[in-house]
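User: I have a model open and would like to go through it with you. Could you begin with the overall architecture and then turn to the side chains?

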Amino acid sequence: MDVVLEAFRECVSEYTETIPTSAKHAAESFSRRVEAELTEMITMTKELNYMEREKRKVNIAINRKRTRLLEVKNELIRKKAELRKLQKESDQLTERETHLHKGTALLTDLKALQTKYLQHRTSHPQEREVYGASSLPSLLLASRTVLGAEGQLKNINNNLQQALNQSNVK
């Protein structure tokens with residue numbers, strides 16, 4: 001466009017040299033308006049080119065940021081999944097620790113109870129053991145030994161009965 005403006009100025013100067021003085025004023029007025037229009041077009045074209053370059057730069061920056069945003073979003077999704085997994089593991093370990101503490105407390109209490117029981121039995125050896133409803137497991141163990149003895153007595157009784165029957169048959 002600058003080339004067109006320079007060519008127009010040369011053409012107008014050559015033309016004004018060839019025309020009479022009375023028409024020069026009109027030709028110069030016309031040429032100034034055309035020059036102003038051409039200058040405005042040149043300025044607007046330069047601004048348009050500048051704006052298009054800036055637009056490309058902004059689009060490139062937006063695309064880079066969009067790509068980074070997607071990367072960060074995907075990383076966030078992965079980290080959330082990892083966080084849920086670690087939270088679950090933490091909850092399991094906390095529950096396990098709680099159970100271990102409760103088990104340790106139970107064993108400590110049982111040991112203290114056994115120690116107390118043994119001290120009581122040592123200091124009162126003539127006292128007979130009495131089982132209550134709270135000691136059903138102990139009663140079960142005692143009943144097993146009684147039932148085992150009952151089975152042995154039945155076997156002995158059957159053997160004696162057979163021996164008697166054989167001696168009566170002879």
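User: What should I know about the model before reading any values?

Analyst: This is a predicted model, in which local features need pLDDT of at least 70 and side-chain atom pairs count only at pLDDT 80 or more, while totals for chains, interfaces and linings use all residues. Residues are numbered from 1 along each chain as its sequence is written, and side-chain values use heavy atoms, with hydrogens and water left out.

User: How many helices and strands does the protein chain have?

Analyst: The protein chain has three helices and zero strands, in the order α-α-α from the N terminus. Helices (H or I, at least four residues) and strands (E, at least two) are DSSP runs, numbered from the N terminus.

User: Compact or spread out?

Analyst: The protein chain is more spread out than a compact globule, because its radius of gyration is 56 Å, well over the 15 Å that the globule rule gives for 170 residues. That radius is taken over C-alpha atoms, and the rule is 2.2 Å times the number of residues to the power 0.38. Along the principal axes, the C-alpha trace spans about 175 × 55 × 20 Å.

User: And what share of the residues is buried?

Analyst: Of the 170 residues, 6% count as buried. Buried means under 20% relative accessible area, exposed over 50%, and partly exposed in between (1.4 Å probe, protein chains only).

User: Switching to salt bridges, how many are found?

Analyst: A search of the whole structure gives two salt bridges, each defined as a side-chain nitrogen of Lys or Arg within 4 Å of a carboxyl oxygen of Asp or Glu. Glu54 pairs with Lys57, with the closest N and O atoms 3.7 Å apart. Glu71 and Arg68 form a salt bridge at 3.5 Å, N to O.

User: Where do Glu54 and Lys57 lie relative to each other?

Analyst: They are separated by about one helical turn because they are three residues apart in helix α2 (residues 21-123). Glu54 is partly exposed at 26% relative accessibility, whereas Lys57 is exposed at 53%.

User: And Glu71 with Arg68?

Analyst: Both lie in helix α2, three residues apart, about one turn of the helix. Glu71 is partly exposed at 42% relative accessibility, and Arg68 is partly exposed at 46%.

User: Which residues form the nonpolar patch on the surface?

Analyst: Leu106, Leu107, Leu110 and Leu113 form that patch, with about 420 Å² of accessible area together. Patches are made of residues with over 30% relative accessible area and no salt bridge, with like charges joined within 9 Å and nonpolar side chains (Val, Leu, Ile, Met, Phe, Trp, Tyr) within 5 Å. Accessible areas come from the Shrake-Rupley method with a 1.4 Å probe, and for residues only the protein chains shown count as cover. Leu106 is found in helix α2.

User: One last item: how far apart are Ser90 and Lys55?

Analyst: Ser90 and Lys55 are 35 residues apart in sequence and 51 Å apart in space, C-alpha to C-alpha. Ser90 is in helix α2 and is partly exposed, with a relative accessible area of 33%.
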